[in-house]
Amino acid sequence: MSKFHQGALKFGGAVFLQVLILLTLAWTPFMVEYKGEEVFIETVPVDPRHIFMGDYVDLRYTISELDLLNIDHDLDNWTGEHYGGSFPVYVVVAKKGIAHEAIGVYREKPVIAPEQVLLRGKISSFTYIPQWIVDEEKEMNIQPIHRIGIDYGLEHFYVPEGTGIYYEDLIRNNQQVYGIAKVYQGRSVLVDLYVKKE
């Protein structure tokens, strides 16, 4: 085989590999949208200086910050010293009214009931409850995690040009705005925004 043919084969292989990688990256969101279960998540106000940038809306949700004292979890022995970057977790949500609310957060993938939906997220922030304990050797300050912030990859939504201010104003004025996500096997894609009419 000539050097020209060898070079052409290598070039063709490189192009094929790049196309395959692009298709693989696009496949997961496509499957989530196609097969995913629809979930409504209520938004909460974000600092208005950052909520609208360009043609997308910056979003936070009621499930973006969870109080571990009021939710089921398996983070009892998890303290800030375990935190290193974004820590993956599974959040179980269940429908309550129009929206889905978080009912549990876990490090290990839980078994869920048919009416529940599983979201994968990453812990992005946390706060402590300072607590002193005394053992036989010394007094120690331990700080169990109290509240955690979670990112789901649903925090930015591109909107038609010129409509971002509309959503920004609604959310800042506490109008009920919901992110509509498709969820499949824990993976989620934000597909639309829904404004509840009064």
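# Briefing: sheet, aromatic pairs and core

Tyr-166 has a relative accessibility of 41%, so it counts as partly exposed. The model is predicted. An open antiparallel sheet of four strands runs in the order S4-S1-S14-S15. The largest nonpolar core holds 34 residues. Four aromatic pairs turn up in a search of the whole structure.

**The four-stranded sheet**

- The strand order is S4-S1-S14-S15, the pairing is antiparallel, and the sheet is open.
- S4 (60-61) and S15 (187-195) are the edge strands; each has a single partner strand, so one side of each lacks a neighbour in the sheet.
- S1 covers residues 37-44 and pairs with S4 over two bridges, in the antiparallel sense.
- Across from Tyr-61 in S4 stands Thr-43.
- Eight bridges join S14 and S15, again antiparallel.
- Lys-182 faces Val-189 of S15 as its opposite residue.
- S14 and S15 form a hairpin with two residues between the strands. There, Gln-185 adopts a positive phi near 50°.
- In a regular strand, side chains alternate between the two faces of the sheet.

**The helix across the sheet**

- Helix H2 spans residues 164-172.
- H2 lies across S1, S14 (177-184) and S15.
- The angle between H2 and S15 is about 85°.

**Aromatic pairs**

- The whole-structure search gives four aromatic pairs.
- Phe-40 and Tyr-178 have ring centres 6.4 Å apart and planes at 55°, so this pair is tilted.
- Phe-40 sits in S1 and Tyr-178 in S14, so the pair links parts 138 residues apart in sequence.
- Both Phe-40 and Tyr-178 are buried.
- Another pair, Tyr-166 with Tyr-167, is edge-to-face. Its ring centres are 5.1 Å apart, with 70° between the planes.

**The largest nonpolar core**

- Among the 34 residues of this core, those touching the most other members are Leu-59, Ile-63, Leu-66, Val-91, Val-105, Ile-148 and Ile-150.
- At least two core residues come from each of S1, S7 (87-96), S8 (99-106), S9 (116-128), S12 (145-151), H2, S14 and S15.
- S7 makes the biggest contribution, with four residues.
- Val-91 is in contact with Leu-66, Ala-102, Gly-104, Val-105, Val-117, Leu-118, Leu-119, Ile-150 and Tyr-152, leaving out residues up to four places away in sequence.
- In soluble globular proteins, nonpolar side chains tend to be buried together.

**His-73**

- His-73 belongs to strand S6, residues 72-73.
- Its relative accessibility is 18%, and the cut-off for burial is under 20%, so His-73 counts as buried.
- The His-73 side chain comes to 3.2 Å from the backbone oxygen of Leu-68.
- Beyond its neighbours within four places in sequence, His-73 touches Leu-68, Val-105 and Tyr-106.
- One of these contacts, Val-105, is also listed with the core residues that touch the most other members.

Methods
Residues are numbered from 1 along each chain as its sequence is written. This is a predicted model: local features need pLDDT of at least 70, side-chain atom pairs count only at pLDDT 80 or more; totals for chains, interfaces and linings use all residues. Side-chain values use heavy atoms; hydrogens and water are left out. Two strands pair if DSSP finds at least two bridges between them. Contact means heavy atoms within 4.5 Å. Axes are lines fitted to C-alpha atoms, for helices over the stretch in contact, and angles run from 0 to 180 degrees between N-to-C directions. Rings of Phe, Tyr and Trp (its six-membered ring) pair if their centres lie within 6.5 Å; planes under 30 degrees apart count as stacked, over 60 as edge-to-face and the rest as tilted. Buried means under 20% relative accessible area, exposed over 50%, partly exposed in between (1.4 Å probe, protein chains only). A nonpolar core is a set of buried Ala, Val, Leu, Ile, Met, Phe, Trp, Tyr and Cys residues joined through side-chain atoms within 4.5 Å. A polar contact is a pair of N or O atoms within 3.5 Å; within protein, one must be able to donate a hydrogen and the other to accept it, and residues adjacent in sequence count only if both atoms are side-chain atoms.
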